[in-house]
Amino acid sequence: MNLSAFLHTSLYEDHGMSIMGKQGKAEPEEPKQLAEDLAALYAPDLPVPPDVDRAIIATARERFARRRRPRLVLRWAPVGALAAAAAIVLFLVPTLLLKPRHQASRERAVTAKIAAKEDIDQDGRVDILDAFALARHIESSREFFGEWDMNGDGSVDDTDVEVIARAAVSLERSSVQ
Amino acid sequence: MKPVDDPRSDEALVHSANEGDLSAFETIYDRYRDWVVRLAYRFTGNHEDALDVLQETFTYFAKKFPGFRLSARITTFLYPVVRNLSIAIRRKNRRYVSDEEMIRRMAAPQPADDAVARAELAAVLSVLPAKQREVLLLRFVDGMTLKEIAETLSIRLGTVKSRLHIALEVLRKDERTKRYFGR
């Protein structure tokens, strides 16, 4: 065949022809002898010694084994995290309970001073839960008490929630000092 | 089951290898080992270097698991790896051989009947620019489609067609190789 015919039928339309026969039948108009001679030139029989095979597979085995180990770690990671969390709680709770007496009494005093107004859930302290409680009240349009008007603007809304939230945060800071 | 008898597709093997199945990786190795070593030899011109490249290539490939995504043929993934490793090993071992010299060496040990024809082909190939020769070999020696060549070399399909067209034109016009085209 001539070259231009070959290019138009086989190359430009790209039928997926394969000289090696891996992807489809070789078409009769291909320059078959060229393909064979190129293959002979560039694809000589090059033996691979068995020890090279073994070395490569051994390396791969090692890699695959390494990859499996982290999976085991990941599998047990939640359990480990849970144990760590439990240990932290066990350590922190007694520490907090055994705080110096004067520090605890100061916190109580600060809490009591503000609790009357901002202690929405009336649990004896002002914290973020009070802000949440007021937010829930506003959201569900329940009955409002005038005393929940934290900023004195005549209405109970999100700005009052913010006032409680800020108070809760500043209380925590003051208790640390 | 021996790797050579494994009927699974490359996609299935990659999936299994991602699951930690070493035998799937062994089958992939068995399928592509000879291709890799021949390709490496094409780049290095040295059997020992080609074996080094083979080892490095599959060590690199093994590191890709789990998590390897096969978006094209395995040869498309392996080709640039083999080429880059071959260049590195050739530099490291300071056994640089010019492309032209490499082609002449490859042509040398052929049987007497074919020796002349192939030596002439090798001579013509030696004057082809490396990029055109590369496309020609990927097409005729490795059996890749034009699209696969484009993906492998990260070039446009039109560029592949152009390079192949020019390379074949050179072969067709040369007195030593025009017989391949029936004239």
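## Model and overall fold

Helices (H or I, at least four residues) and strands (E, at least two) are taken here as DSSP runs, numbered from the N terminus. Read along the sequence, chain B shows the pattern α-α-α-α-α-α-α-α-α, with 9 helices and 0 strands. This is a predicted model, in which local features need pLDDT of at least 70 and side-chain atom pairs count only at pLDDT 80 or more, whereas totals for chains, interfaces and linings use all residues. Residues are numbered from 1 along each chain as its sequence is written, while chains are lettered from A and ligands numbered from 1 in the order in which they are written.

Of the 183 residues of chain B, 43% count as buried (20 or more other C-beta atoms within 10 Å of the residue's own, with C-beta atoms placed from the backbone). Where contacts in chain B join residues at least 6 apart in sequence, 62% of them join residues at least 24 apart, two residues being in contact if their C-beta atoms, placed from the backbone, lie within 7 Å.

## Helix 1 of chain B

In helix 1 (residues 10-18) of chain B, the buried residues are B:Leu13, B:Val14 and B:Ala17. They cover an arc of only 100 degrees around the axis, and therefore lie on the same side of helix 1 of chain B; the arc is that of the directions from the helix axis to the C-beta atoms. Helix 2 of chain B is included in what covers these buried residues. Just after helix 1 of chain B, B:Gly20 adopts a positive phi of about 100 degrees.

## Helices 2 and 3 of chain B

The axes of helix 2 (residues 22-44) and helix 3 (residues 47-63) of chain B come within 8 Å and cross at roughly 140 degrees, where axes are lines fitted to C-alpha atoms, for helices over the stretch in contact, and angles run from 0 to 180 degrees between N-to-C directions. The two helices are therefore oblique to each other, since angles under 35 degrees count as roughly parallel, over 145 as roughly antiparallel, 65 to 115 as roughly perpendicular and the rest as oblique.

## B:Ser86 in helix 4

B:Ser86 belongs to helix 4 (residues 74-92) of chain B and counts as buried because it has 24 C-beta neighbours inside 10 Å. Leaving aside neighbours within four places in sequence, B:Ser86 is in contact with B:Ala40, B:Phe43, B:Thr44 and B:Val53. The C-alpha atoms of B:Ser86 and B:Ala50, 36 residues apart along the chain, are separated by 7.4 Å.

Definitions and conventions:
A residue is buried if 20 or more other C-beta atoms lie within 10 Å of its own, exposed if 12 or fewer, and partly exposed in between; C-beta atoms are placed from the backbone.
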